Amino acid sequence: MPLRVRAWMVALGIAAIFPLPILLLQAPPDGLQRAELAQFLGRFHPLAVHIPIALLLLVPLLECAALAREQRHLRQSVDFVLGLAAAATIASAWLGWMLAWSGGYEGSLVTRHMWGGFSLAVASLACWGLYGWKRSAYALAMLATVGLLIWTSDQGGKLTHGDSFLTEHAPDPLRRWLGYKRPPAVDPTSFYAMRVQPIFEEKCVLCHNAGKFKGKLRLDTYEHVMRGGKDGPVIQPGEPGKSELFRRVTLPPESKDFMPAEAKPALSGPEIKVIEKWIVAGATTHIADAEIQGLLPSSEEKAPAAPLTADYRPQSQTIATLESTLGIRLVPRSQNPTDGLILRTDSAPTRCNDATLEQLAPVANLIVDAELARTQVTDKGMQAVANFSNLRFLDLSKTAVTSAGVKELTKLEKLERLNLTQTRVTRAGLAAAKMNPRLKGLYLFEAH
Ligand code: HEC
């Protein structure tokens with residue numbers, strides 16, 4: 001390739017990389033989800049990165065193969081492959097930034113990985129710029145690039161699969177050699193495995209898992225629960241009062257530290273008791289279920305909870321039909337068929353509108369949780385929602401609903417949580433609506 005053309009192409013590459021460090025500094029991933037399109041594109045990042053990885057590794061392979069006299073012709077393709085690799089690396093770094101910024105990521109691991117990706121884009125472009133100009137500088141740059149590639153991919157792998165993905169099933173001698181300890185085995189009949197972990201699974205792991213560890217905390221395994229988060233351990237064995245995790249789930253729901261965050265269904269009284277007893281008993285994994293059960297005040301845990309709704313099973317056929325015609329989901333809240341249904345719209349929020357809500361009339365009394373964020377519903381649709389007589393949780397964030405619509409909801413006597421974030425509901429309008437006294441969690445951030 002003529003030198004001038006190469007210079008132009010490199011300049012173009014620099015222009016494509018240039019905004020990235022600015023974005024990394026000015027719009028770092030902060031754990032929030034935003035921008036549909038950026039998130040859609042960004043999710044291709046974990047797939048797309050394999051292209052630059054393969055191309056960048058192909059370059060030294062071609063160079064080595066070309067050392068043999070009869071394979072010398074391979075050297076002619078290096079320039080092309082390297083140019084392609086540089087372009088693919090830059091594109092992947094962009095996709096990566098989109099994913100991190102819009103997909104709810106945060107923390108030092110993702111930040112390191114992003115700077116790694118950016119450096120890799122610079123390095124691969126530098127390699128291509130140096131190619132055919134200064135052979136020795138090119139060789140050194142290529143070596144450094146491959147090192148950087150390995151490091152960055154490893155960070156990325158840990159982000160998607162968790163930091164023990166590669167070592168988890170390694171043979172013991174290899175693990176010892178690498179310096180990894182096997183996490184303590186959790187006895188499946190223990191109180192922890194049978195009572196505590198299922199609570200985390202149901203209500204916390206959504207935000208505290210290997211891919212998305214809000215507050216740098218993972219709650220998907222015992223090892224991680226005990227390791228704690230950005231402020232250190234969250235469990236102090238024997239002392240629920242000093243355990244950050246326990247403090248957070250027992251705060252008043254409107255507190256900003258309350259967990260679960262974002263008005264997700266809170267822990268029930270018995271669930272909080274289970275966690276408390278577990279911490280009091282030493283927060284281990286080997287205390288048998290029966291042993292701690294003995295410590296629990298018997299009446300509370302064992303009394304069957306009052307049914308939230310009628311049994312949904314006789315309506316299964318209707319539910320299936322509604323799901324397929326309306327493009328929404330009606331998911332049982334738990335294995336208990338009288339715990340009601342969750343109305344989910346998040347796979348296609350724009351498909352759900354006022355007419356959708358009206359058509360849900362046959363199952364209105366079975367819905368306990370309606371997730372209507374970002375849907376097309378308006379005040380008119382609230383008349384249909386007012387007939388969801390067993391509704392406890394309602395998310396209307398980012399919809400066109402106003403104070404007039406909220407007025408319709410006064411009828412909902414069981415409503416406990418209402419999310420009106422980024423709607424046009426005013427405080428005055430809400431006060432005028434006189435919501436029921438059971439309403440404990442009300443979210444109005446960025447509402448007017
Ligand atoms: C909707 C997402 C979401 C859910 C669900 C959620 N959390 Fe969190 N959690 C966060 C975010 C965001 C942070 C970091 C911000 C903060 O510290 O408040 C956090 C932080 C924490 C921390 C503090 C970690 C530290 O070291 O500072 C604890 C403890 C915690 N969560 C416990 C829980 C528990 C227990 C549950 C389940 C009952 C839960 N979370 C459910 C989003 C969530």
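Contact here means heavy atoms within 4.5 Å. The model is predicted, so to speak, by record: local features need pLDDT of at least 70, side-chain atom pairs count only at pLDDT 80 or more, and totals for chains, interfaces and linings use all residues. Residues are numbered from 1 along each chain as its sequence is written, and side-chain values use heavy atoms, with hydrogens and water left out.Contact here means heavy atoms within 4.5 Å. The model is a predicted one, in which local features need pLDDT of at least 70, side-chain atom pairs count only at pLDDT 80 or more, and totals for chains, interfaces and linings use all residues. Residues are numbered from 1 along each chain as its sequence is written, and side-chain values use heavy atoms, without hydrogens and water.

S92 is buried, at a relative accessible area of 6%, where buried means under 20% with a 1.4 Å probe and protein chains only. Beyond its neighbours within four places in sequence, S92 is in contact with H45, A48, V49 and P52. P52 is in turn one of the buried residues of α5, along with L55, L56, V59, L62 and E63. Helix α5 spans residues 50-65 and reaches 22 Å from first to last C-alpha, close to the 22 Å expected at 1.5 Å a residue, counting one less than its number of residues.

Leaving aside neighbours within four places in sequence, W97 is in contact with L20, L23, L24, A27 and M114.

Methods. Helices (H or I, at least four residues) and strands (E, at least two) are DSSP runs, numbered from the N terminus. Buried means under 20% relative accessible area, exposed over 50%, partly exposed in between (1.4 Å probe, protein chains only).
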